[in-house]
Amino acid sequence: METGNIRYYSIIIPVYNRPDEVDDLLFSLTRQTYRNFEVIVVEDGSTLPCKAIAEGYADRMDIRYFLIPNGGPSKARNYGAKQSKGDYLLILDSDCVLPEGYLEAVENELSREPADAFGGPDRAHPSFTPIQKAISYAMTSFFTTGGIRGGKKKLDKFYPRSFNMGVRRDVFMRLQGFDTSMRYGEDIDFSTRLFQAGCRTRLFPEAYVYHKRRTSFSQFFRQVEHSGEARIVLWKKYPGTLKPVHCLPALFVLFVFCILVAGIGWPLLYSLLMLYILLIFFDAARQNGGDLYIGMLSVAAAFTQLFGYGIGFIRKYFNISR
């Protein structure tokens, strides 16, 4: 549905037991400079519902709230898409906050060059805790993930991710949305099907979000461990999609094991490991205004990210049960 030449967007927010985070996201939507959108909140069987919060924004935006039985984020996103009426779907995680110009940046990019699907990067907001900033660094840095989560420098082509994804509504429906049988990696699965269908997919660098992510290293470890497992599932489903960059965390785990446990090539390998630690420390501190504490936490976050993903990857590859 277009109003004149202005596109209409349907913002879909699946949520599970995160009412406070939904409040932050909805508030950021009230401050958007581009206003031609609707919001669809899909409560995925939460025990801590956000209905009252969503309804509290009814006088400030076109918002609808739906409660469905718990079935995972893919089912919630697909349900929201069926209720939508926009030209484009904008799919966001509930733990994101948008800068004021987010929707305007999306509109400007689409006006400049059409796209069937797109996504933007994520950043750490100045108000985030030091741990949140460190985890954000670990998930977005070229030195930890190869920049594959939306940075301008990257080792692999850009795959739109479900925390910040846009797609034409008709394309989403034609591809039948997310695979509801997948609990993890469902966004990469959807992006792979986009490529296979010949869709035009782009990165919108200025359409970034502030992504709060997990607030403890143990939660973060479990999250990235599942991502590592999902990469093997995706490789088996789509042979030929596994790239060298996806194997790097597993190789890093083996590299550290050789140094600290097996003692293989200790002096040289130990020096390389120390250089990598210093690189992460100073780069993260530089990106956070010279904060050395965040630099230290970023080293821990980087190792958590690499070990979690790498262990999940190795375990799934060799079918090793927990």
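Mentor: Strand 8 (residues 164-168) is largely enclosed by the rest of the structure, because four of its five residues are buried; buried means under 20% relative accessible area, exposed over 50% and partly exposed in between, with a 1.4 Å probe and protein chains only. Strands (E, at least two residues) and helices (H or I, at least four) are DSSP runs, numbered from the N terminus. The model is predicted, so local features need pLDDT of at least 70 and side-chain atom pairs count only at pLDDT 80 or more, whereas totals for chains, interfaces and linings use all residues. Residues are numbered from 1 along each chain as its sequence is written, and side-chain values use heavy atoms, with hydrogens and water left out.

Strand 8 has pairing partners, and two strands pair if DSSP finds at least two bridges between them. One of these partners is strand 4 (residues 88-92), which runs antiparallel to strand 8 and is joined to it by five bridges. Within this pairing, L90 has G166 of strand 8 as its bridge partner. Strand 6 (residues 117-119) also pairs with strand 8 in the antiparallel sense, over three bridges. Here V167 of strand 8 stands opposite A117. In a regular strand the side chains alternate between the two faces of the sheet.

A further buried site is E109, which has a relative accessible area of 14% and lies in helix 4 (residues 102-112). The side chains of E109 and R202 are joined by a polar contact of 2.5 Å, that is, a pair of N or O atoms within 3.5 Å; within protein, one must be able to donate a hydrogen and the other to accept it, and residues adjacent in sequence count only if both atoms are side-chain atoms.
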